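Open the structure in your viewer and keep the sequence panel beside it. The tour below goes stop by stop, saying what to select and what is there.

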Amino acid sequence: MTARGPSGPALPLPERPEGRRLHPVTPWRRAWAPVAGLTAFALQDFDRTREWFTQLTVGWLLAAFAVLLPAAAAYGFLSWWYTSYLVTDTELRIRTGLLFRRTAHIRLDRIQAIDVGRPLLARIAQVAKLKLDVVGTEARDELAFLGEREAVDLRAELLARAAGIAPEAAPQAGEAPARRLLRVRTGMLVRSLLLLGAGWVTLAAAVVVPTLLYLSSGSVWPALAVGVPLLGGVWASTLGRFLTDFDWTVAESPDGLRLDHGLLDREHATVPPGRVQYVRISEPLLWRRRGWVRVDLEIAGAGRDKGGALLPVAGWADAARVLSRVLPGVDLAEAVAAVSPVPRRARWCAPVRRRAYGHGVTDAVFVTRYGLLRRRTELVPHAKVQSVRYGQGPWARRLRLANVTVDHGANGWATARLRDADEARALVAAQAERSRTGRREARPERWLTRP
């Protein structure tokens, strides 16, 4: 293949793969990869790198930049040139790779979510990236970057094909309409972050620990080595979290619940219908008097601790209303009321923590509770339980206590701790039957199938 040069003659270019191109701004994003690699290599031995730089003259530095910048630009252009995507009747093919070629074949009927990401610089350039969650894989393929309109249209087309719409009609299907359920107020978000103890504790540590290290060692480097990570923790738990959770909006559409949030980097995520395996409701100590909670969930195929927030902060009534759309038939108030404490003799196993332990069962979910300072209530729908385990250590066996653990489809689990041994045995048998019944009565897990 050839390309026309500025003065007329054809310039030889390698043949590019079949499919549609990414946005022309993509090469500039990928050009940073060689620079980042050299920077990481230099930081591994910072003292030697500093010594090299002190020995270089201005001429050598200019020559190095004259070589590095064109090389980085060439890498970005060629990596963009060899990247393409193609939508067929049954799959999405993504071809990438400059030196090592890779082709991802993503079956459309295995797609469970497609999120749209708009980082700050991408919003300025009016581009976006698509991140795809596929059943059975933990890695997320992405297309970065596409024009904003192209990204939205491609997402709608892929979801339409995943729902079974004919290939010739899918491009005209458009994005499904949405109805807003909840929007987190900025004032409420700010107050909730100020009432979290983790940020204040990390900030105190970031001030005290580096100061003590500097006074004891007389060197600034140990203090920086400890202080910088601590300041990063302060950022992540305060301002960084505010930037991420800003203007959190939950809307309902036929393809699931849509979550839009972010001040600088705007994210558009979708919680697919029927794929929620587990829900965790957190109540930090200083939130309880105000009746505030945080709701997190895990989705099939994402793995344990790889889910995300459904609501960063909300009142109990709002949380119950949104949760009823994620898990139809689940009454949050009923689930919380069903929790019963552990037997009194459990104090010999966990003198303090046992006060927070609890367990309950409703017609829809298996419920556990734990945590003193940050109380956590876990909900696992009966239809999502993959297995039930009975566990009993030697001391618990002597006290006639046992744990009952249910494993769900996101490679995670929830445990009812320190239950009476006879109750635990009956619970294992009953939960196995409830899970079989729940799977028979579960709704289909297809796109655009909810009423």
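Two rings of Phe, Tyr or Trp (for Trp, the six-membered ring) are taken as a pair if their centres lie within 6.5 Å; planes under 30 degrees apart are called stacked, over 60 edge-to-face, and the rest tilted. This is a predicted model, in which local features need pLDDT of at least 70 and side-chain atom pairs count only at pLDDT 80 or more, while totals for chains, interfaces and linings use all residues. Residues are numbered from 1 along each chain as its sequence is written, and side-chain values use heavy atoms, with hydrogens and water left out.

**Aromatic pairs**

A search of the whole structure gives 3 aromatic pairs. Select F242 and F246, one of these pairs: the arrangement is edge-to-face, with 5.7 Å from centre to centre and 65° between the planes. F242 is buried at a relative accessible area of 16%, and F246 is partly exposed at 21%. Here buried means under 20% relative accessible area, exposed over 50%, and partly exposed in between, with a 1.4 Å probe and protein chains only.

Go next to W287 and W292. Their ring centres are 6.4 Å apart and the planes stand at 75°, so this pair is edge-to-face as well. Both W287 and W292 are buried.

**Charges over rings**

R290 lies over the face of W292, 6.0 Å from the ring centre. The criterion is NZ of Lys or CZ of Arg within 6 Å of the ring centre and within 35 degrees of the ring normal. Then select R417 and Y370, where R417 sits over the face of Y370 at 4.6 Å from the ring centre.

**A helix pair**

Switch to a cartoon view. The chain has 14 helices and 22 strands; these are DSSP runs numbered from the N terminus, helices being H or I with at least four residues and strands E with at least two.

Select helix 8 (residues 197-217) and helix 9 (residues 220-237). They pack at an angle of about 175°, and their axes are 8 Å apart. Helix 8 is therefore roughly antiparallel to helix 9. Axes are lines fitted to C-alpha atoms, for helices over the stretch in contact, and angles run from 0 to 180 degrees between N-to-C directions. Angles under 35 degrees count as roughly parallel, over 145 as roughly antiparallel, 65 to 115 as roughly perpendicular, and the rest as oblique.

Which residues of the two helices meet? On the helix 8 side they include G199, L203, A206, P210 and L213, and on the helix 9 side V220, A223, V226, L230 and V234 are among them. Contact means heavy atoms within 4.5 Å. The contact residues divide into 14 nonpolar, 6 polar and no charged. In this count Ala, Val, Leu, Ile, Met, Phe, Trp, Tyr, Cys and Pro are nonpolar, Asp, Glu, Lys and Arg are charged, and the others, Gly among them, are polar.

**Backbone details**

Show the backbone atoms and select A144 and F145. The peptide bond joining A144 and F145 is cis, with omega about 10°. F145 belongs to strand 8 (residues 141-147).

D247 is in the loop between helix 10 (239-245) and strand 10 (249-253). Although D247 is not a glycine, its phi is positive, about 55°. D247 is buried, at 16% relative accessible area.

R400 also has a positive phi without being a glycine, here about 60°. Look for R400 in the loop between helix 13 (394-398) and strand 21 (401-408).

Select T96 in strand 4 (residues 91-96). T96 is partly exposed, at 22% relative accessible area. Leaving aside residues up to four places away in sequence, T96 touches Y82, T83, R101 and R102.

G393 is partly exposed, at 32% relative accessibility.

Finish at D296, in strand 14 (residues 292-299). Is D296 buried or exposed? At 10% relative accessibility, D296 counts as buried. With residues up to four places away in sequence left out, the residues that D296 touches include Y278, R280, G308 and L310.
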